[in-house]
Amino acid sequence: MLLAQIGSFVPAKTASIGIVDAIFTRVGASDDLATGQSTFMVEMIEVSSILKNATENSLIILDEIGRGTSTYDGMSIARAVLEYVCKKKTLGAKSLFATHYHELTAMEGALDGVKNYSIAVKKRGDDITFLRRIVRGGADESFGIEVAKLAGVPDSVVKRAKVILKELEKNKVEIKFKAEDAVLEEETDADIQYNFSANGREEILAILKATDVNTLTPIEAMQTLYDLKKKAEEL
């Protein structure tokens, strides 16, 4: 895409690529421990910058949004970002959105403009082979354990992971998305400010009460102080 935008050679048999006003990317994992920013904090700061500066004429490339926090937190953030980027009333930009949350493939039927593509996979019992080919449609499962195996993680760890996965899948709550779930409720600025102000102070107090200052590492203390300062500034 970048090569096409600058009028350079495109390594493809054919290409039909429109003009964009900017290309925004969020790919990879990094942290900034010197300033007390975790990997997830850095990710969210970059996502925030993209969503605030991109336009409907931009190209946005997002990889694994929400991976630095708990499963449900991460999936919720990933879905909310996907909705914001896709819906014309919020942004409506062109986007490549890569995620390991295979549940989000259901958004193809819930949001206009969403199309699923995935890596072709050949299965032989418990063994899989990634065919290095992009095909239409979404994956119906994640392949994290298989990737771990390909990376050389000891067999005993891989086998144990499979056992744990089966135990978790027996009790997991199935996540389904419907078209009406993708509708964003309209909120006025006054409503947003009121709700945050009412809950913000309680949230700060809850964090302070739950923090054991005697067990915090220097980095954890810096991160906690940074989070509290940000929340206080937004009140």
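**View 1. The lining of the second largest pocket, sorted by class.** In this predicted model, the lining of the second largest pocket has 10 nonpolar residues.

**View 2. The space inside the second largest pocket and the residues at its centre.** The second largest pocket holds about 820 Å³ of space. A set of 17 residues lines this pocket. Closest to the pocket's centre are Met-44, Ser-48, Lys-52, Lys-230 and Glu-234.

**View 3. The helices around the second largest pocket.** Helices H2 (39-53), H3 (71-86), H6 (189-210) and H7 (218-234) each give two or more residues to the lining. H2 gives the most, with 7 residues.

**View 4. Strands E1 and E2, side by side.** Strand E1 covers residues 23-26, and strand E2 covers residues 59-63. The two strands run parallel. They are joined by 4 bridges. Look for Arg-26, which stands opposite Leu-62 in E2.

**View 5. Strands E2 and E3, side by side.** Strand E3 spans residues 94-98. E2 and E3 run parallel, with 5 bridges joining them. Find Asp-63 here: this residue stands opposite Ala-98 in E3.

**View 6. The path from E2 to E3.** Follow the chain out of E2. The chain passes through H3 and then reaches E3. This β-α-β crossover is right-handed.

How values were computed: Residues are numbered from 1 along each chain as its sequence is written. This is a predicted model: local features need pLDDT of at least 70, side-chain atom pairs count only at pLDDT 80 or more; totals for chains, interfaces and linings use all residues. Side-chain values use heavy atoms; hydrogens and water are left out. On a 1 Å grid over the protein atoms alone, a cavity is a set of points where a 1.4 Å probe fits but cannot get out, and a pocket is an open set with protein on both sides within 12 Å along at least five of seven lines; lining residues have an atom within 4 Å of a point. Grid points are joined across faces, edges and corners, and a volume is the space filled by probe spheres set on the points. Ala, Val, Leu, Ile, Met, Phe, Trp, Tyr, Cys and Pro count as nonpolar, Asp, Glu, Lys and Arg as charged, and the others, Gly among them, as polar. Two strands pair if DSSP finds at least two bridges between them. A crossover is right-handed if, with the strands pointing away from the viewer, the path from the first strand over the helix to the second runs clockwise.
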